[in-house]
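Here's a quick briefing to read alongside the structure. Have the sequence and the 3D view open as you go.

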Amino acid sequence: MRRRTKLRILADILRTLEVGEANVTKLMLEANLSYVRLSRYLDELEANGLVMKIEEGREVKYRITARGREFLREFNRMLQIAEAFGIEL
């Protein structure tokens, strides 16, 4: 089994958020990442405006932004093009 690329991991996180807000536990399970790795990716996604952190008291959730949806749409398009040429991303 091949390792996922960073782009695939970021896309997995964004796909989870596409259906609605999610807390860290749900994201860890859906994206199959440890807390430390997920935190690093979430910080990067937030810094680039792809996700938004929502703090409600002690609860922290994340939501995808319009820019995050655009990234996911373009990533999926890139996957289709790569597959058409027999390239694995």
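Let's start in the sheet: glutamate 55 has valine 60 of β3 as its bridge partner. Keep in mind that this is a predicted model.

- β2 and β3 (residues 59–64) run antiparallel and are joined by 6 bridges.
- Zooming out, the open sheet has 3 strands in the order β1-β3-β2, with antiparallel pairing.
- β1 (22–23) and β2 (51–56) are the edge strands, each pairing on one side only.

**Helices α1 and α4**
- Helix α1 (residues 6–18) and helix α4 (residues 66–84) have axes that come within 10 Å and cross at roughly 125 degrees.
- That angle is why α1 counts as oblique to α4.
- The crossing of α1 past α4 is left-handed.
- On the α1 side, the contact is made by Leu7, Arg8, Ala11, Leu14, Arg15 and Glu18; α4 brings in Gly68, Arg69, Phe71, Leu72, Phe75, Asn76, Met78 and Leu79.
- Sorted by type, the residues in this α1 and α4 contact come out as 8 nonpolar, 2 polar and 4 charged.

**Asparagine 32**
- You'll find asparagine 32 in the loop between α2 (24–31) and α3 (35–47).
- Asparagine 32 has 61% relative accessibility, so it counts as exposed, the cut-off being over 50%.
- Leaving aside residues up to four places away in sequence, asparagine 32 touches Arg4 and Leu27.
- Asparagine 32 sits 20 residues from aspartate 12 in sequence, and their C-alpha atoms are 9.0 Å apart in space.

Technical notes:
Residues numbered from 1 in each chain as written. Predicted model: local features only at pLDDT ≥ 70, side-chain atom pairs only at ≥ 80, totals over all residues. Heavy atoms only, no water. Axes fitted to C-alpha atoms, helices over the stretch in contact; angles between N-to-C directions. Helix = DSSP H or I, 4+ residues; strand = E, 2+ residues; numbered from the N terminus. Parallel < 35°, antiparallel > 145°, perpendicular 65-115°, else oblique. Left-handed = near helix turned anticlockwise from the far one by under 90°. Contact = heavy atoms within 4.5 Å. Nonpolar A, V, L, I, M, F, W, Y, C, P; charged D, E, K, R; others polar. Buried < 20%, exposed > 50% of the residue type's maximum accessible area, 1.4 Å probe, protein only. Pairing = 2+ DSSP bridges.
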